Amino acid sequence: MLKDLENNLSSYALKSSNSLGRKYQEEPPKLRTEFQRDRERIIHSTAFRRLEYKTQVFVNHEGDMYRTRLTHTIEVAQIARAAARALKINEDLTESISLAHDLGHTPFGHAGQDILNKCMKNFGGFEHNIQSLRIIEKLENKYADFPGLNLCFETREGILKKCNIKRAEKLGAIAKRFIEKKQSSLEAQLTNICDEIAYNNHDIQDGIRAKKIFIEQLETLPIFYNQMKIVLSKHPKLSGSKIINETVRKIINLLVNDLINNSNLNIISKKIITSDDVKNCDILIINYSNEIKKQNIKLKKFLHENLYKHPDVIKMTDKANLIIENLFNAYINDTKLLPKNYYQYNIEKIEHGLKERVICDYIAGMTDRFAQQEHNRLFKAI
Ligand code: MG
């Protein structure tokens, strides 16, 4: 019966019936596939709930209308699931990877990651992608029989988007593909691009709402201008945020359709039959056509220069740096400032030279508002 659930998938989709399994053996689920079980474990995790109060671009308290890490994650999963179904690849696995892809993010978005990486420079560094893996393999602490969430190999491998060779050697089988220079699964490739589709487009909406970017600037981008022209030809009297919303809708549709068509063409031209063919292929199968790729790069460049580097967004970066650096140094100087139960739980690691990593994990797990409250507790309010 479980096999029936994956009967409609293509020959190159990953199937949970062929999964390389979980680290700790468990009874197979009766009414759902192994990848469905993964998805549900991720949704029930603490790290997933915390995404609600973590920055995407705008800090959580700046307004209730902006994307948070959680709503971003849900949008990624929505786009990726729809595309996975159209491509006849594994929707459940795609959704699991999507829902877990940002679990390792620190408070205050990329600014938080960069400063934590700086704090950890002499102690193995910090990278959100590796942290996502740490969370699902080690840090989630709720099951009786195993640490972490004990997810399937394919889900964990899909979450590890990038990894340098030195780190890959330490991580073992899960990172073998980086040493062997092989591609990720179609499900992981798709999640990766859908992450980009989601943030490029929701950042247009949030950036406009926050008055950091303007429609006149967006009109200089072919991808935006062309889709807006189609919207206005159909609705000449349309005004305000509806123009932005309808245009963004059209851009997402254009990107997803191009992605599906072009990926299907790649599957044919590269003679992809099995999931192993995907891994051994010399190109990423899931990709845009050249024309859309060019237009998309212009959009990314625009957002990078005009939104992510906007003085107000940078100001948030400065504040994040100060909060995280101060917290890190305060805990390093006095580990007793950590909550009692967290300190007790990690006492062995702290006493065996892993103090910095224990503190890094604690800070990385904080939400924006908790980091701020904790900073107010230990220092004067900023
Ligand atoms: Mg993301």
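**Close-up views of the predicted model**

The protein chain has a mean pLDDT of 93, and 97% of its residues reach 70 or more; pLDDT is the predictor's confidence in each residue, from 0 to 100. This is a predicted model: local features need pLDDT of at least 70, side-chain atom pairs count only at pLDDT 80 or more, and totals for chains, interfaces and linings use all residues. Residues are numbered from 1 along each chain as its sequence is written, and side-chain values use heavy atoms, with hydrogens and water left out.

**View A. Confidence by helix.** Helices are DSSP runs (H or I, at least four residues), numbered from the N terminus. Confidence is lowest in helix α8 (residues 165-171), at a mean of 88. It is highest in α4, at 98.

**View B. The magnesium site.** H72 (NE2), H101 (NE2), D102 (OD) and D195 (OD) coordinate the magnesium ion at 2.2 to 2.4 Å. Donors are N, O and S atoms within 2.8 Å of the metal (3.2 Å for Na, K and Ca); water is not among the atoms, so the site may look incomplete. Along the chain the donor spacing is H-x28-H-D-x92-D. H72 lies in helix α3 (residues 69-87), and H101 in the loop between α4 (91-100) and α5 (109-119), 29 residues apart. Both H72 and H101 are buried (under 20% relative accessible area, 1.4 Å probe, protein chains only).

**View C. Helix α3 against α13.** α3 and helix α13 (residues 241-269) pack at about 35°, with axes 10 Å apart. Axes are lines fitted to C-alpha atoms over the stretch in contact, and angles run from 0 to 180 degrees between N-to-C directions. I79, A83, A86 and L87 of α3 meet I252, V256, I260, S263 and N264 of α13 (contact: heavy atoms within 4.5 Å).

Key:
Helices (H or I, at least four residues) and strands (E, at least two) are DSSP runs, numbered from the N terminus. Buried means under 20% relative accessible area, exposed over 50%, partly exposed in between (1.4 Å probe, protein chains only).
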